[in-house]
Number of protein chains: 2
Amino acid sequence: MSIETKEVPGQPALALEAALGADLVLGGADVARYCSDWHGDVATGAVAVLRPRSTEDVSACVRACAALGLSVVPQGGNTGLVLGAIPDRPASQVILSLERMTRIRSIDADDFSAVVEAGAILSEFKDRVEEAGMFFPLALGAQGSCRIGGNVSTNAGGINVLRYGMTRELVLGLEVVLPDGSVFEGLSTLRKDNRGIDLKQLFIGAEGTLGIITAVAVKLMPQPEQVATALIGLNALDDAITLYRRARRDCCDLMSAFEFMPPLAFTLAREAIPDLAMPMDGGYPAYVLMEISGSGLIDIEDLMQRFLGAVLEDELVVDGVIANSRDQARKLWLFREGMNEGQAKRGPHLRTDVSVPLSRLADFVRDAEAAVTEALPDCTCVSYGHVGDGNVHLNVLPPGDLPRAEIDARIYKAKTVINTVLDTYRGSVSAEHGIGRLKKPDFEARLPAVQRKLLNAIKTAVDPTLVMNAGCQLNYTGDSGQS
Amino acid sequence: MSIETKEVPGQPALALEAALGADLVLGGADVARYCSDWHGDVATGAVAVLRPRSTEDVSACVRACAALGLSVVPQGGNTGLVLGAIPDRPASQVILSLERMTRIRSIDADDFSAVVEAGAILSEFKDRVEEAGMFFPLALGAQGSCRIGGNVSTNAGGINVLRYGMTRELVLGLEVVLPDGSVFEGLSTLRKDNRGIDLKQLFIGAEGTLGIITAVAVKLMPQPEQVATALIGLNALDDAITLYRRARRDCCDLMSAFEFMPPLAFTLAREAIPDLAMPMDGGYPAYVLMEISGSGLIDIEDLMQRFLGAVLEDELVVDGVIANSRDQARKLWLFREGMNEGQAKRGPHLRTDVSVPLSRLADFVRDAEAAVTEALPDCTCVSYGHVGDGNVHLNVLPPGDLPRAEIDARIYKAKTVINTVLDTYRGSVSAEHGIGRLKKPDFEARLPAVQRKLLNAIKTAVDPTLVMNAGCQLNYTGDSGQS
């Protein structure tokens, strides 16, 4: 079948249209816009794009693809950073986009829960939840275009993981179309349901390799009515770790963000947003952007003031400003966000997303930056991330005026150098972005044989013909490995 | 092999001793004390009890059992309530006790993590963690004898789920001996590690049916230095639900417990602990035992006083007392704990552990109690539980002076009646206790075909000879169900 596909590319698309009807199948030139990634680094193709309107449609699509021997690549908002939703075998792969399944099935403030279809845009869902007086805490840069099914499939992280956990911890139930087209109906909103093996956990983070998530039941929280944001200047990144430990205790688990940034963050942010005013007079070797939030009877601003006062007095921090308005808080966050835009403006660069034990974060950043600087003296390191999660984005910027081939060589070299240091810390090559196709080699190279065998056995048990998102996460052999 | 086993019961024990050495194998009369459950309702037997001292020992035990065709039943503290750690096929099952693997491998306050072997007693581990200035929040009645591996295998719940989640949410990593004796080495303490499918999730709640958990990496929290406890009297259980919603918002997610109890709780508690002084003058239709806790700069007692003052003024609650000492707080909790002892004193009774959507908890209790009272007018209902989790322990006490057969008939009838009401609420027959062997019939009867097929496929993939805790959770067929 796959050989035939390659020789007659139009034919499987026609067969899908015959099986599913023209409304569900996009072919020809329309396919292209689903086939390049967010950064525009990769452009591929697909046999067709399927656009189901319902869970039943998804089942029909999966069955039709199986009958034609086509692999299904599920796609949400296509904002992932690891090429998990983009075909790597365009002649035998179909993209199944969830973009038409955007319905919010329920928002129940009394039950602290909601049920939403996989294609709903995260920020639109959050707005609807807020209108109901509640809060869905998942927050990430792509929230204006990512879709909730993709967030669950990739177990997305983001800014608020510290307080509310990864997406996994926000999920109460799932509806999943399995590789044989049957529907796993697990959309319960029960907070506690301890009936043995929790099957839904398998699909969270599987990036569509075990089935297609079509709807999600999630936890909602009380809307945080008060938010206090502070930018803090420190003598060293080590102090950020000490400060975090102190803040966890003093602020009583009410922190919703605790991000570290280097001094270069301000330069980069102002390259992207030139009229951004510097929030502090002095310059410091390390910065923390800290947020405390809550609802009800606790005075959050007062808490932030007392905390910052105490750590200034104890000389644990050197300087600090607390935003005195929502607008000021937004501007402090603009440095964090603008820093990314600034990096993009400097040209192609290495983006990493690694994690280490949180007590060793500062040591890791020091060691890894030193190793990169030694190996690539003309490159610039930018390390920032989430202190409480031990999550570092150590990015490396080659000089922008080099030929592309030399830039790419430096990016590859920098990644190798960083991963070598990371391995000595027993860190993870993917803290929050997933594996997809981009990180597959780094993942596979570090995968213990026992885990590989287990993954193969489970993949084969759930998807015996290896039809779901083939090429993503691992090169499955279809061999259960059991003798 | 299994036929031979039945005919020559002593022989497999001798074969195990030959393979593993006498130190690891208990046989004969010593076996009995591992073979009855916590309530003394069931006493069974086993071919032998294996008592490994290390992960390598566990591997050797599993391999020896596999070679002899024996099924392995892992056992922690044997405090489970659903017969998950007790053989039901004594002639072909071996108990593997983790009681000798009690080492705490590390407690790292700077990393907010610890690594502990499966056999460590929960309360002893918690004490050691507290000595290090930290806090492990899992809290349940059996904590003086349950073992941490059992807590993870059953995904234990308890009093603090509201604030800190089930055991699943406290686990960072696992070490597991798989059915083929190989070791899944996943003892990472990384807070964020998003490398695809999260295999450890499979073993949490699997009750030893997929492997034997030998060590666990867990999250630690700052020690809550302040705890405020209040007993609150209400006009109706519905008001407890409204109060919960208000408390979530006003107390800013700092609640660590929110338990409801009926007026009968005080009678039952005083039947067990006669000198327990009544904490309030009046009697009310419903009670809530509420706890707020935290560390650092927030005045928790003041928060409780302001909250209780506001809800009294708004007439959402009728009466309330705040414990003004640790001793008073302990006495308030004694009503919650003594209630269980009081029920035990009244003789055999039905204990349930169900959950419903939390917005419907009061409706469910009303409907289910009415149905039980109609079907069994001489029985007494006692409903209590965790409001924030939608978790109800609706127990039914037959008259104590009936013949045992009539008591058993009423218990069976009451369970059937409650489950019928529960099904209309789409509730769970096991909110926190697991499935084991006791709840297997109720679980299987409600298991959708798609889930059953998936469970069979995964069990067969991980444990193809169905050797791990056979008879627990589901009667696996060994058929992957894939055609």
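This report walks through the charged residues and cysteines of the structure above.

## Before we start

This is a predicted model, where local features need pLDDT of at least 70 and side-chain atom pairs count only at pLDDT 80 or more, while totals for chains, interfaces and linings use all residues. Residues are numbered from 1 along each chain as its sequence is written, chains are lettered from A and ligands numbered from 1 in the order in which they are written, and side-chain values use heavy atoms, with hydrogens and water left out.

## Salt bridges between chains

Side chains of opposite charge can pair when their charged atoms come close. A salt bridge here is a side-chain nitrogen of Lys or Arg within 4 Å of a carboxyl oxygen of Asp or Glu. Over all chains, there are 72 salt bridges.

One of them joins A:Lys192 to B:Asp389, at 3.3 Å from N to O. The pair crosses between chains: A:Lys192 sits in the loop between strand S9 (183-186) and helix H7 (200-203) of chain A, and B:Asp389 in the loop between strand S17 (380-386) and strand S18 (391-397) of chain B. Helices (H or I, at least four residues) and strands (E, at least two) are DSSP runs, numbered from the N terminus. Both A:Lys192 and B:Asp389 are buried; that means under 20% relative accessible area, with exposed over 50% and partly exposed in between (1.4 Å probe, protein chains only).

Next up, B:Asp110 pairs with A:Arg245, their closest N and O atoms being 3.4 Å apart. This pair also crosses between chains, with A:Arg245 in helix H8 (residues 237-250) of chain A. B:Asp110 is partly exposed at 36% relative accessible area, and A:Arg245 is partly exposed at 23%.

## Salt bridges within chain A

A:Asp353 and A:Lys439 form a salt bridge too, with 3.8 Å between the closest N and O atoms. This one links distant parts of the chain, as the two residues are 86 residues apart. A:Asp353 and A:Lys439 are both buried. Elsewhere, A:Arg103, A:Arg105, A:Glu117 and A:Glu175 are joined into one network by salt bridges that share partners.

## Cysteines without partners

How many disulfides does the structure hold? Zero, over all chains. To count as a disulfide, two cysteine sulfur atoms must lie within 2.5 Å.

Take A:Cys35: the nearest cysteine sulfur, in A:Cys65, is 14 Å away. A:Cys35 is buried, at 1% relative accessibility.
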